[in-house]
Amino acid sequence: MNRIIECVPNFSEGRDQKVIDAIAQAADSVKDVKVLHVDAGEAANRTVITFAGEAEAVVEAAFQAVKTASQLIDMRQQHGTHPRIGATDVLPLVPVSGITLEECAELARKLAKRISDELGIPTYCYEAAAFRPEMQNLAVCRSGEYEGLAEKLVTPDKQPDFGARPMDEVIARSGATVVGARDFLIAVNYNLNTTSVPIANEIARDVRERGRALRNPETGEVVKDENGKTVMQPGTLKATKAIGWYIDEYGIAQVSMNMTNIHVTPLHRAYEEVCRAAEARGVRVTGTEIIGLVPKQSLLEAGRYFAQQSPTPPSDAESSTTLSESDLIQIAIRHMGLDDLCPFLPEEKVIEYKLSHL
């Protein structure tokens, strides 16, 4: 297999194990494809399934997973804490080896059209596959969520790229799907020692790139520019998106973050900044929850960073440059509390270790 890609679709079901298993099996049954990880969240009512393999086979597996999800998930009955627009909410293709991001974008566009043509599901294309610059942003594609989809379907500048038509029985059940191509993204939740969603949201606004609406310090009113658009005050972390929410199964609030460029903002930098913002608001981060898989390099960089930051840094004979990969990963796990909510097993959570079995 020379052209390897990863697919990380998010499905709007995190509670019914039979449905989750059926969707994963639909992908895993395609030749030259391997399901690497299934991460279900009950409160979010959302499951992230990661699979990889030969490019065309992965695209076929993605279609079969979308088809199965559309048959088993009824969006009219779906509720959870995570934003969503359809049974298959978002479906990115990620280049791994032997293939470019541009080639993945073209595969994503073809897949989006096939989903619309054969399943009747409206599809938006985002990130590198976007047809319109504003649609590169997933949040723009998903604006209004499922509940606002009927209006978007008939609004010219908000219609999907494929399958635009008034709401019907098929769309009411399946919702829409956002298909695209992107580089590696880390989805991470920071656990807080509070149940307060407002505090979690304030921390999210402090750090996320988009930040928060700028307000007049005297009147408290939102500041508008000359075109009537809200002026935003950027957060401290580039290439990040974040919201706050409460997770009933853990009894805590979290800052949920997507890190869209880990070269611009590495994992350890995001962790430290969320910790700083939390402390400034009178709470603290107790641990970190990685959703799906994480690149090995991100953990190695974090391990080296925290080894040097330790009150008793490694001796010259055992510097962060000579520590083994296993040691560095364990340092990252310990310092960021990656096992705060459940065991963090590198062989199950690090993408390179999973891909080695292909």
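The charged end of Arg-109 sits over the ring of Phe-131, 5.4 Å from the ring's centre. Arg-114 lies over the face of Phe-63, with 3.7 Å to the ring centre. A charge sits over a ring if NZ of Lys or CZ of Arg is within 6 Å of the ring centre and within 35 degrees of the ring normal.

Before we go on, please note that this is a predicted model, in which local features need pLDDT of at least 70 and side-chain atom pairs count only at pLDDT 80 or more, while totals for chains, interfaces and linings use all residues. Residues are numbered from 1 along each chain as its sequence is written, and side-chain values use heavy atoms, with hydrogens and water left out.

Now to the rings. A search of the whole structure turns up four aromatic pairs. Rings of Phe, Tyr and Trp (its six-membered ring) pair if their centres lie within 6.5 Å; planes under 30 degrees apart count as stacked, over 60 as edge-to-face and the rest as tilted. Two of the pairs are set out here.

| Pair | Kind | Centre to centre | Between the planes |
|---|---|---|---|
| Tyr-190 and Tyr-271 | tilted | 6.5 Å | 40° |
| Tyr-305 and Phe-306 | edge-to-face | 5.2 Å | 75° |

Tyr-190 belongs to strand β8 (residues 186-192) and Tyr-271 to helix α8 (residues 267-280), so their pair ties together parts that are 81 residues apart in sequence. Helices (H or I, at least four residues) and strands (E, at least two) are DSSP runs, numbered from the N terminus. Tyr-190 is buried at 0% relative accessible area, and Tyr-271 counts as buried at 11%. Phe-306 is buried too, at 4%, whereas Tyr-305 is partly exposed at 26%. Here, buried means under 20% relative accessible area, exposed over 50%, and partly exposed in between (1.4 Å probe, protein chains only). Tyr-190, Tyr-271, Tyr-305 and Phe-306 form one aromatic cluster.

After α10 comes Gly-337, whose phi is positive, near 60°.

What about the interior? The largest nonpolar core has 44 residues, and Ile-5, Ile-23, Phe-51, Leu-91, Leu-93, Leu-111 and Ile-115 touch the most other members. Such a core is a set of buried Ala, Val, Leu, Ile, Met, Phe, Trp, Tyr and Cys residues joined through side-chain atoms within 4.5 Å. Helix α2 gives the most to this core, with 10 residues. Leaving aside residues up to four places away in sequence, Ile-5 touches several residues, including Phe-51, Val-58, Leu-93 and Cys-104. Apart from this core lies another, of 41 residues, among them Ile-262, Leu-267, Ala-302 and Ala-307.

Finally, the cysteines. The structure holds zero disulfides, a disulfide being a pair of cysteine sulfur atoms within 2.5 Å. For Cys-104, the nearest cysteine sulfur is that of Cys-7, 9.9 Å away; Cys-104 is buried at 0% relative accessible area. For Cys-125, the nearest is that of Cys-141, 8.3 Å away, and Cys-125 is likewise buried, at 0%.

Key. Contact = heavy atoms within 4.5 Å.
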